[in-house]
Each structure stands twice: as structure tokens, then as C-alpha cells.
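Please look over the sequence and the model below before reading on. The numbered points that follow are meant for someone who is new to this structure.

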Amino acid sequence: MATLYSQVENYVREGINNGRWAPGDVLPKEVELCEQFGVSRPTVRTALSKLVQEGYIQRIKRKGTVVREWRTLASSTLFIESFHKELEEEDVDVVTEVLDRRLVDAPEDVRKHLHLPTGAKMALLRRLCYARDSFAKGPVVLTTSYLNEKIWPVLKDSDLEHVSLHAVTEQCDCKRVQMEKEITLHYLTVDEARILCESTGAPAFKVSTVSYDRHGRVVDWCESIYPPNRNKFTLCIRK
């Protein structure tokens with residue numbers, strides 16, 4: 001069964017592909033798509049944000065959402081294996097240390113990214129992971145997550161050093177079925193460098209992730225910082 005936002009997403013994508021909207025055309029307003037599909041504005045925005053990322057459309061101030069004049073659409077799908085899954089396949093024992101866990105007001109940048117209202121609450125979770133056999137070499141990844149408030153009642157009492165976050169989200173009917181990942185170069189702050197046993201300003205990989213459940217709701221937004229001397233990424237391109 002298609003999620004609510006995927007119905008909107010597929011409708012717009014198919015409309016562009018079959019010529020209903022040509023490059024330069026302005027798409028229907030968000031409120032019109034809300035009425036047509038009987039969904040909320042955050043749902044429509046999630047659908048349109050995905051199409052922006054895929055290169056189909058762009059948002060132009062004071063004009064609206066416009067079909068791009070040009071686009072390069074990848075015929076391949078990029079798969080990035082999760083940190084834990086990759087280490088498990090290599091028979092590496094992962095040690096997780098919970099540094100912070102509390103219910104907070106969502107930071108402004110997170111609210112804007114996820115289209116949340118002012119004062120929205122989210123569960124903050126900060127974790128540090130090591131590979132047990134190479135503990136002395138230092139942490140492998142530092143992850144800061146902001147999770148749907150619905151998850152907090154279970155999250156606050158979970159033993160996250162032995163129970164996976166995936167299991168917690170499933171228990172709350174927030175199973176992550178789709179993730180959007182972005183990898184960028186990041187320079188460590190004083191706090192990050194201290195925690196990761198690196199030098200301030202040292203380069204690192206930053207992987208930003210937004211996860212959605214089967215209803216199209218945001219499960220979590222997180223940033224993971226990977227020291228390059230202790231990590232590598234293998235990208236599998238399928239055509």
C-alpha cells in the first residue's frame with residue numbers, strides 16, 4: 001500500500017514524465033494538492049522535497065514550484081549499507097555508549113528541515129560507537145538523532161547499549177521503511193573532536209539521514225560523524 005506522500009509524489013512525477021507539465025510550468029499549489037489527495041501540507045511538502053532532490057522540480061521564490069528546465073535523473077540506485085549492518089557482516093562486535101537522551105524542543109534547523117511548528121518536541125539521542133576489537137583506536141562514529149516524540153515513552157527506558165534503535169521504533173509503530181542519506185565533508189568542532197579523540201578542525205565524513213515510516217511520517221533526523229582514518233564507505237551501484 002502506497003504511503004500518503006508517495007501518492008502525491010508519484011502523481012507529480014508521472015505528470016512530468018508524460019508531458020502534463022513541461023519544463024518551466026508551475027505546479028498546482030500545495031493547498032490544491034492537499035485538497036485533491038485529502039492530505040496535510042507536511043505530507044505534500046515531503047513529496048515535493050523528494051522530487052526536488054531527484055531533480056524534477058525546483059522552488060522559486062514568489063513564483064512557486066516549477067518543473068526544472070533541465071534535469072539529470074540517475075538510472076542507478078545508490079545503496080549505502082548501514083554502519084551496524086556492515087560491521088555485523090564482518091563479524092565485528094559493536095559497543096554503543098549513550099551520551100545524551102532527553103525530550104527537547106526541536107532545534108530551529110531541524111524544525112525547518114522537517115516542516116515542524118515552533119515548540120515541537122522531539123526525543124534527542126546522542127550515541128558513540130566503537131568496534132570492540134579496536135577499542136583503543138577510538139570511536140568509529142558519533143551520532144546525534146532527533147526522533148518523533150511518539151517514540152519517547154519507549155526510548156527513555158530502553159537499554160540502547162544492548163537493544164537497537166530499529167527495534168525501539170518498530171515497537172512504537174514507527175518502523176523506518178525509507179531513508180534519505182546525504183554524505184558531506186565536515187570539519188570537527190571542539191566538542192566533536194574531544195569525543196572522537198581527534199584534532200579540532202580535522203576533516204570527517206558527515207552522513208545526514210531523514211527516515212520515514214509506512215505512513216510517510218518522519219521517524220528521525222540524524223547526523224553521524226565518521227573519522228576517515230577509521231571508516232570507509234563502499235557504494236554499490238545497480239543499473
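1. In this predicted model, a polar atom of the Ser158 side chain lies 2.7 Å from the backbone oxygen of Val154. Ser158 itself is found in the loop between helix H6 (152-155) and helix H7 (165-171), where helices are DSSP runs (H or I) of at least four residues, numbered from the N terminus.

2. Ser158 is buried, since its relative accessible area is 13%, and buried means under 20% (1.4 Å probe, protein chains only). Leaving out residues up to four places away in sequence, Ser158 touches Arg101 and Val168, with contact taken as heavy atoms within 4.5 Å.

3. The axes of helix H2 (residues 30-37) and helix H3 (residues 41-54) come within 9 Å and cross at roughly 110°, the axes being lines fitted to C-alpha atoms over the stretch in contact and the angles running from 0 to 180 degrees between N-to-C directions. H2 and H3 are therefore roughly perpendicular to each other, a term that covers 65 to 115 degrees.

4. On the H2 side, Glu30, Leu33 and Cys34 meet Arg41, Val44, Arg45 and Leu48 of H3. Sorted by class, this contact has four nonpolar, no polar and three charged residues, with Val, Leu and Cys among the nonpolar types and Glu and Arg among the charged ones.

5. The mean pLDDT (the predictor's confidence in each residue, from 0 to 100) of the protein chain is 83, and 86% of its residues reach 70 or more. Over residues 71-81, however, the pLDDT is below 50, although this stretch has 28 contacts in the model beyond near neighbours in sequence. Where pLDDT is low, predicted coordinates should not be read in detail.

6. Residues are numbered from 1 along each chain as its sequence is written, and side-chain values use heavy atoms, without hydrogens and water. Local features need pLDDT of at least 70 and side-chain atom pairs count only at 80 or more, whereas totals for chains, interfaces and linings use all residues.

Methods:
Helices (H or I, at least four residues) and strands (E, at least two) are DSSP runs, numbered from the N terminus. Angles under 35 degrees count as roughly parallel, over 145 as roughly antiparallel, 65 to 115 as roughly perpendicular and the rest as oblique. Buried means under 20% relative accessible area, exposed over 50%, partly exposed in between (1.4 Å probe, protein chains only). A polar contact is a pair of N or O atoms within 3.5 Å; within protein, one must be able to donate a hydrogen and the other to accept it, and residues adjacent in sequence count only if both atoms are side-chain atoms.
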